[in-house]
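Here is a friendly briefing to read alongside the sequence and the model.

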Amino acid sequence: MNFKPKLTNVETSIFSVMSALANKHNALNLSQGFPNFKSDQKLIDAVSKAMNSGYNQYAPMPGTLELRQAIAKKFELLYNISYHPETDITVTAGATQAIFTVISTFIKAGDEVILFKPAYDCYQPTIELNGGKPIAIALKAPHYKIDWALVEQSITTKTRMIVINTPHNPSGTVMSASDLLKLQELTNETDIIVLSDEVYEHIIFDNEKHQSVCLFPQLKKRSFITASFGKTFHNTGWKIGYCCAPKALMEAFRNVHQFNVFSVHHPTQKALANYIAEPHHYQDLSGFYQKKRDTFLDLIKESRFKFTPSKGTYFQVLDFSEITSEKDTDFAKRLTIEEGIASIPLSVFNDHQRDDNVLRFCFAKTDDTLKAAAEILNKI
């Protein structure tokens, strides 16, 4: 057979590589971004109840109305912002599917998409799959701040979309209000769509406020927000999220969504609609994860790793430049094989083009796991 795949030279995901290596060597896995503790039993029981109550056939294509109404109320509570549950919100099979669908809906051959690296690894392949051209702008360690002058220089008549991510995976930084105001200024009176990956919106620390694109009126009218229930409620394997956008944008999104996924797991939607109606289930998350971040950093404060405390997400970046001159990929593998702890090297989020001598560790773990991890790191 003589076939020509659209995506070539795609490596196996670093998350799969490091998790497999951790399993092989029985290492503590602080690489892939998932908790090693249970989701709330109340939510698990609610999903079971929904299944036993007969909600086992297709849900409506945009999602159950009850869940979309609950999401709309959440935006009103947190941001005093309105998204119409019938026209502006769609439930998706996780945030990655939402991101894939947004890009597939609008990007065609020759379109340019600005993104910031290090970046979550699904953005660029999806752009390329649709014939688009990624325009990568570097975020430099240790602060990972956006150079808005460089962004302005990078915008051309071919720029169709800008992808942002806050709180930011993998760096754990957050965008400020001034960042969003600058993005609003640069995109105003253009046809540029903004894709805002906000899956960690409820995990933000040190009294920072999450700066969602929906808080900025001129950004809101051109933006998609993608979000993840799995990241929020400790059940990444359920693969359920949602996206929000103004009606015209969402209509275009649903035209693709219906042929991509069509609808999402019905009983989980029924359960989540009731669960997020109680705001403390997501409002308490920042405090919960800040305690874990602080515990982890306090445990490794005497280690040879350097760090700036994460401002959001459940990831902490550690600088190993005073420990070894190895490439971050080599050091990460050696730590897994020889020391028994797995992490993620950040150069993989930069196409291996820049190595800042840092590793990403996930602290969404039990305290016992964090203590065991710290014992290893403190000996290195």
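Predicted model: local features only at pLDDT ≥ 70, side-chain atom pairs only at ≥ 80, totals over all residues.

The largest cavity has a volume of about 180 Å³, and the second largest cavity has about 50 Å³.

**The largest cavity**

- Sixteen residues line the largest cavity, and those nearest its centre are Leu139, Ile146, Asn165, His168 and Met175.
- Strand β5 (residues 159-165) gives the most to this lining, with three residues.
- By class, the lining of the largest cavity divides into eleven nonpolar, three polar and two charged residues.

**The second largest cavity**

- The lining of the second largest cavity is made up of Lys74, Glu201, His202, Ala227, Ser228, Phe229, Thr232, Phe233, Tyr242, Ile276 and Tyr282.
- At least two residues of this lining come from β7, and at least two from α9.
- Sorted by class, the lining of the second largest cavity has six nonpolar, three polar and two charged residues.

**The largest pocket**

- Two or more lining residues of the largest pocket come from each of α1 (14-24), β3 (112-117), α5 (123-129) and α14 (328-339).
- Which element gives the most to the lining of the largest pocket? That is α5, with four residues.
- The classes in the lining of the largest pocket are 13 nonpolar, eight polar and six charged residues.

**The second largest pocket**

- The elements α1, α4 and α9 (229-232) give two or more residues each to the lining of the second largest pocket.
- The largest share of that lining, four residues, comes from α4.
- In the lining of the second largest pocket, nine residues are nonpolar, eleven are polar and five are charged.

**Helix α10**

- Helix α10 covers residues 247-260, which is 14 residues.
- From its first C-alpha to its last, α10 reaches 19 Å, close to the 20 Å expected at 1.5 Å a residue.
- Where does α10 bend? The bend is at Arg254, by about 25°.
- An α-helix has 3.6 residues a turn, so residues three or four places apart point the same way.
- Just after α10, look for Phe262, which takes a positive phi of about 70°.

**Gly94, in helix α4**

- Gly94 is found in helix α4.
- Is Gly94 buried or exposed? Gly94 counts as buried because its relative accessible area is 4%, and the cut-off for buried is under 20%.
- Leaving aside neighbours within four places in sequence, Gly94 is in contact with Lys239, Ile240 and Gly241.
- The C-alpha atoms of Gly94 and Thr236 are separated by 8.4 Å, although the two residues are 142 residues apart along the chain.

**Phe116, in strand β3**

- Phe116 lies in strand β3.
- With a relative accessible area of 6%, Phe116 is buried.
- Apart from neighbours within four places in sequence, the contacts of Phe116 are Ile137, Leu139, Ile146, Val151, Ile162, Val163 and Ile164.
- Between the C-alpha atoms of Phe116 and Ile137, the separation is 4.8 Å, with the two residues 21 residues apart along the chain.
- Leu139 and Ile146, both in contact with Phe116, are also among the residues nearest the centre of the largest cavity.

Conventions. Residues numbered from 1 in each chain as written. Heavy atoms only, no water. Expected span 1.5 Å × (residues − 1). Bend = angle between axes of the 7 residues up to and from the residue. Nonpolar A, V, L, I, M, F, W, Y, C, P; charged D, E, K, R; others polar. 1 Å grid on protein atoms, 1.4 Å probe; cavity = no way out; pocket = protein on both sides within 12 Å on 5 of 7 lines; lining within 4 Å. Points joined across faces, edges and corners; volume = space filled by probe spheres on them. Buried < 20%, exposed > 50% of the residue type's maximum accessible area, 1.4 Å probe, protein only. Contact = heavy atoms within 4.5 Å.
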